[in-house]
Amino acid sequence: MKLIKGLVNILSWAVYACIACYLLIAAPMLAGYHPVVVLSGSMEPTYHVGSVIYYKQASFADINVGDAITFRAGEDGMVTHRVTQKSELSQNFTTKGDANLSEDPNPVDYSDVMGKVWKVSIPYAGYFVNYGKNVTVIAVMAAVIIINIVLDMIFPDKEKKKKSEQTDAKAD
């Protein structure tokens, strides 16, 4: 039983470490940034496939040629490309992926812009984030923590119990 309890304890620490990583990746949301996982290579080498990038709402005036923006494409799609031209009159942008040879065929209306991309990206974190969205992964992580708590309640650590009793005796 001691071996199983030790293994579950190690697994629970790994789960806690994963949770801490998720919180670190999500932390910029407190400042209004929205995380996005890079799914294609159109912005290589600036943003690698599997990276997490962040965008934040920006006014039309704050977006300039050379800035990367994230915008809606179609019903549910999002694209992050660089602004190559800005039209004050029609309030839209011409965009191009850094790795693409030509500009995108359709201009992006400001109303479709979700935000301006922050200079910070976290390489490979997108794989971690996408893996953690899996319901099975979440259930296994929760189960490991619950099993660890139950095992600690049923089979308390003798050293912890002894220290607790010593502390209680000193308090009396």
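**A loop residue and its surroundings**

Modeller: Happy to! Let's begin at Y124, which counts as exposed because its relative accessible area is 61%, and the cut-off for that class is over 50%. Please keep in mind that this is a predicted model. Y124 sits in the loop between β7 (113-122) and α2 (125-132). Its backbone deserves a look too: phi is positive, about 65°, although Y124 is not a glycine.

You will find Q91 in the loop between β4 and β5 (92-96). With a relative accessibility of 36%, Q91 counts as partly exposed.

Between β1 and β2 (52-56) lies P45, and the peptide bond joining E44 and P45 is cis, with omega at about 0°.

β1 (34-37) and β4 (77-87) each supply at least two residues of its lining, and β4 gives the largest share, 4 residues. The lining has 14 residues in total, with V37, L39, M78, V79 and T80 lying nearest the centre of the pocket. Sorted by class, 9 lining residues are nonpolar, 4 are polar and 1 is charged. The space in this second largest pocket is about 270 Å³.

Now for the rest of the chain. Its secondary structure comprises 4 helices and 7 strands, and along the sequence the order is α-β-β-β-β-β-β-β-α-α-α.

As for overall form, the C-alpha trace spans about 80 × 35 × 25 Å along its principal axes. The radius of gyration is 24 Å, whereas a compact globule of 172 residues would be near 16 Å. Of those 172 residues, 30% count as buried. The accessible surface comes to about 11,400 Å², and carbon and sulfur atoms account for 63% of that area. Finally, among contacts with a separation of 6 or more, 59% join residues 24 or more positions apart.

How values were computed: Residues numbered from 1 in each chain as written. Predicted model: local features only at pLDDT ≥ 70, side-chain atom pairs only at ≥ 80, totals over all residues. Heavy atoms only, no water. 1 Å grid on protein atoms, 1.4 Å probe; cavity = no way out; pocket = protein on both sides within 12 Å on 5 of 7 lines; lining within 4 Å. Points joined across faces, edges and corners; volume = space filled by probe spheres on them. Nonpolar A, V, L, I, M, F, W, Y, C, P; charged D, E, K, R; others polar. Rg over C-alpha atoms; globule rule 2.2 N^0.38 Å. Buried < 20%, exposed > 50% of the residue type's maximum accessible area, 1.4 Å probe, protein only. Contact = heavy atoms within 4.5 Å. Areas by Shrake-Rupley, 256 points an atom, 1.4 Å probe, with all protein chains shown as cover.
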